[in-house]
Amino acid sequence: MNAIVLLIIACEVAFWIVIGAGLVTRYLLKKERLGLFLLALTPVVDVILLVATSIDLYQGATATTAHAIAAIYIGVSIAFGKSMIDWADENFRYYITKQGEKPIKRYGMEHAKHYVKSFVRHVVAFIIGAGLLVGMIYYVNDASRTEALMGTLRIWGIVIGVDLLITLSYFIWPRENKKTVK
């Protein structure tokens, strides 16, 4: 398996380990500052991945889909990172420590409006990730070595379009609460 693929997997695992350690430290060990510090380490994982990917390309590697996924991972982590941590925090607090209110399930227009926020985050992730992909393409400056990056950029553009259609569909056909529908 390619070293970059292993690094991406390791960074994803590290991201969730840092979040888990932060939540356990914050709620179960009652060390809120240390828990927040651990949660704040999540961007360090992104920096490690970005540096390793850059070094690999600098040393002459042909860009692969794994390099492109590294850019996507970084974009998604930056755009969705805080909301993912908030989601994990809310669910951990309610389901593990039995504190706080039950996480909200949204339906109808409330769900549609909430999903728009997710779509906007997806666009931000795309802008960041696409910027990194274009930067790598420009940096390598060899179309034969960056085909995978350009192909990934095209596919991600299609995914953004599909996500827009899904977002719009929630306004046309709002998500129903199955418990209240008879």
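# Loops, cores and helix packing

Trainee: Lys98 is found in the loop between α4 and α5. Is Lys98 buried, partly exposed or exposed?

Mentor: This is a predicted model, in which local features need pLDDT of at least 70, side-chain atom pairs count only at pLDDT 80 or more, and totals for chains, interfaces and linings use all residues. Residues are numbered from 1 along each chain as its sequence is written, and side-chain values use heavy atoms, with hydrogens and water left out. Buried means under 20% relative accessible area, exposed over 50% and partly exposed in between, with a 1.4 Å probe and protein chains only. Lys98 has a relative accessibility of 66%, so Lys98 counts as exposed.

Trainee: What is the phi of Lys98?

Mentor: Lys98 is not a glycine, yet its phi is positive. The value is about 60 degrees.

Trainee: Thr146 has its place in the loop between α5 and α6. Is Thr146 buried or exposed?

Mentor: Contact means heavy atoms within 4.5 Å. Neighbours within four places in sequence aside, Thr146 is in contact with Ala63, Met136, Ile137 and Val140. Because its relative accessible area is 4%, Thr146 is buried.

Trainee: Which helices do the buried residues of α5 pack against?

Mentor: The buried residues of α5 include His111, Phe119, His122, Ala125, Leu133 and Val140. An α-helix has 3.6 residues a turn, so residues three or four places apart point the same way. The buried residues of α5 pack against α3, α4 and α6.

Trainee: How far apart are the end C-alpha atoms of α5?

Mentor: The expected span is 1.5 Å times one less than the number of residues. α5 has 33 residues, so it should span 48 Å. The distance between its end C-alpha atoms agrees with that, at 47 Å.

Trainee: How many residues does the largest nonpolar core have?

Mentor: A nonpolar core is a set of buried Ala, Val, Leu, Ile, Met, Phe, Trp, Tyr and Cys residues joined through side-chain atoms within 4.5 Å. Ile8, Cys11, Ile19, Leu23, Leu39, Leu49 and Tyr73 have the most contacts inside the largest one. α1 (3–28), α3 (42–58) and α4 (65–96) each supply at least two residues of this core.

Trainee: Which residues does Cys11 touch?

Mentor: Residues up to four places away in sequence are not counted. Cys11 then touches Val45, Leu49 and Tyr73.

Trainee: How many residues are in the second, separate core?

Mentor: That core includes Leu57, Ala125, Leu133 and Ile160. Its count is 16.

Trainee: At what angle do α3 and α4 pack?

Mentor: In α3, the residues that meet α4 include Thr42, Val45, Leu49 and Leu57; among their counterparts in α4 are Tyr73, Ile78 and Ile85. Axes are lines fitted to C-alpha atoms, for helices over the stretch in contact, and angles run from 0 to 180 degrees between N-to-C directions. α3 and α4 are roughly antiparallel (over 145 degrees; under 35 is roughly parallel, 65 to 115 roughly perpendicular, the rest oblique). Their axes are 10 Å apart, and the angle is about 170 degrees.

Trainee: Which residues does Thr42 touch?

Mentor: Thr42 lies in helix α3 and is buried, at a relative accessible area of 7%. Residues up to four places away in sequence are not counted. Thr42 touches Phe15, Val18, Ile19 and Ile85.

Trainee: How many aromatic pairs does the count come to?

Mentor: Rings of Phe, Tyr and Trp (its six-membered ring) pair if their centres lie within 6.5 Å; planes under 30 degrees apart count as stacked, over 60 as edge-to-face and the rest as tilted. By this rule, the number of aromatic pairs is six.

Trainee: What is the centre-to-centre distance in the pair formed by Tyr94 and Tyr95?

Mentor: Tyr94 is partly exposed at 26% relative accessible area, and Tyr95 is partly exposed at 40%. Their pair is edge-to-face, with 85 degrees between the planes. The centre-to-centre distance is 4.8 Å.

Trainee: How far apart are the ring centres of Phe126 and Trp156?

Mentor: Phe126 in helix α5 (residues 108–140) and Trp156 in helix α6 (residues 147–172) are 30 residues apart, and their pair links distant parts of the chain. Phe126 is partly exposed at 21%, whereas Trp156 is buried at 6%. The planes are at 80 degrees, so the pair is edge-to-face, and the centres are apart by 5.2 Å.

Technical notes: Helices (H or I, at least four residues) and strands (E, at least two) are DSSP runs, numbered from the N terminus.
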